[in-house]
Amino acid sequence: RVAVVGAGISGLTAIKCCLDEGLEPTCFEQSQDIGGVWRYTEHIEAGRPSLYASVISNTSKEMSAYSDFPYPEDFPVFLPNARLLDYLRLYAKHFSLREHIKFGTTVVRIRKRPDFATTGQWDVVTEADGKQTSQVFDAIMVCCGNFSEPSLPLHCFPGTVCRFQGQYFHSRQYKHPDVFQGKRVLVVGMGNSGVDIAVEASRVAAKVTICTNRGAWTLSRVFDHGYPWDMVHNTRLMSLMRNNLPRPLSWALMNYKVNQRFNHENYGLQPERSHLVREPILNDDLPSYILTGRITIKPGVKEFKDNSVVFHNYPEEEPIDIIVFCTGYNFSFPFLEEAVVKVENKHASLYQYVFPTQLEKPTLAIIGLIKTLGAITPVAEMQARWVTRIFKGLCQLPHQSVMEKEVNEKKKNQMRRFGLSFDEVLKAEWLPYLDTIASFIGAKPSVLELLFKDPRLALTIFFGPCTPYQYRLGGPGRWEGARQAILTQWDRVLKPTKTRVPASSSS
């Protein structure tokens, strides 16, 4: 029996992977529906992620699909939140997942049983309708995400509480741009949400300023030749080049590529330390909005005054009415003991970002707590496929000392490669990470082997986008439709966009 905490993107695939391996999942979802962060509600619910109404996915549908369940071909290439939720409902219906979910049920406490060292079992206390229930489970999959606890470090911004007379709030509270009508708005922080909110605000506000200490590379969803950015960026060929070229050459090529569309330095966006890999901003409007004066980029905040802000190395005060803090999220697991998963500086020491290293039995896993430059759906699914096979005893973890050594080495590499930021969640390279986990379960495709058996498929896999279907070509969980899904991936991309064919090309 496996307890799954949360019924969002990670929780749904965790249930499905349990069923695939013949395990018995019971999912506990505190709200009344599936979808997690992608289920929009007009009101903010305690303990749940909160979306603003206009959110659109930053990753394309082909790269964001579950590996054995492609999106319908008529769905748009990038998904408004309601359409993405529709897809999750289709997935849950197709694989009969809802019958394994207990809605309106909060996980209060998860503790090792007295005989954990031999059985690996857990006592799980849940609450529904004011009544608490305790059950025993053989394993736990924690899938509750990391967008519920806003990080609002007001101590980093002198004057916010004691002096500033205007309104301020965290981006989690934002729903619609009406609140900015005719106001002078300051957005603090430059993640995807911050830029989205600034762009929306600029359509109704008197003035919008984004302040950032470190800048950010800015990409458009529409990439080379009009194709989705991630289908161009996340290919095996591109990944091979990025990870095997000498680092200075790799950085130089990256700088050249991101500055092709516009020179970031001229727009005030150049990252402060451009040799570090920062998560880029995905926004189609920001450069043109800077160019037309709708949005201004300024350095970090030095202090707030009654009705104005002072920026670092900037002589003039700027009058403002509203501050939106887009300073990321904290994450924690209040239902777990700190000795099980210790969170420190927005980091949890987990082997492959999944397993606590110090447990006597590997019967607890964290799914989806990772940040990559790519879609989370196939990553969470791959983690769940690996985890369920470990629960079943078909795969093994290394010795504790080996896992701890690897975790510590990865932390050092992350510091050198990614640096530090507000969103200091666990980070990894998308495609190499997927390949690593897939290799643990024997699901990593062999391009060389396919080259002799199926050259067309092999070339598509190597030079084309690394769509999740690649990980269903062989190994456990093999899907008969994987080859066809890969060879028709561009058809599903073009279907919703190529809706008019000029008469001159109809022949």
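## Cysteines without partners

The sulfur of cysteine 27 sits 7.3 Å from the closest cysteine sulfur, that of cysteine 143, which is too far for a bond. A disulfide here is a pair of cysteine sulfur atoms within 2.5 Å. The structure holds zero disulfides. Cysteine 326 is in no disulfide either; its nearest cysteine sulfur, in cysteine 211, is 9.5 Å away.

Cysteine 27 is buried, with a relative accessible area of 0%. Cysteine 326 is buried at 10%. Buried means under 20% relative accessible area, exposed means over 50%, and partly exposed lies in between (1.4 Å probe, protein chains only).

## About the model

This is a predicted model: local features need pLDDT of at least 70, side-chain atom pairs count only at pLDDT 80 or more, and totals for chains, interfaces and linings use all residues. Residues are numbered from 1 along each chain as its sequence is written, and side-chain values use heavy atoms, with hydrogens and water left out.

Side chains of opposite charge can pair when their charged atoms come close. A salt bridge is counted when a side-chain nitrogen of Lys or Arg is within 4 Å of a carboxyl oxygen of Asp or Glu. The count comes to 28 salt bridges.

Aspartate 68 pairs with arginine 472, and their closest N and O atoms are 3.7 Å apart. Aspartate 68 lies in the loop between helix H2 (61-64) and helix H3 (81-94), while arginine 472 lies in the loop between helix H14 (455-463) and helix H15 (482-487), so the pair ties together parts 404 residues apart in sequence. Helices are DSSP runs (H or I, at least four residues), numbered from the N terminus. Aspartate 68 is buried, at 11% relative accessible area. Arginine 472 is buried too, at 2%.

Arginine 472 also meets glutamate 381 in a salt bridge, at 3.2 Å from N to O. Glutamate 381 lies in helix H10 (residues 376-391), so this pair ties together parts 91 residues apart in sequence. Both arginine 472 and glutamate 381 are buried.

## A pair within one helix

Glutamate 449 forms a salt bridge with lysine 453, with the closest N and O atoms 3.2 Å apart. The two residues are four apart in helix H13 (residues 447-453), so about one helical turn separates them. Glutamate 449 is partly exposed, at 45% relative accessible area. Lysine 453 is exposed, at 64%.

Salt bridges that share partners join Lys16, Asp20, Asp68, Glu381 and Arg472 into one network.
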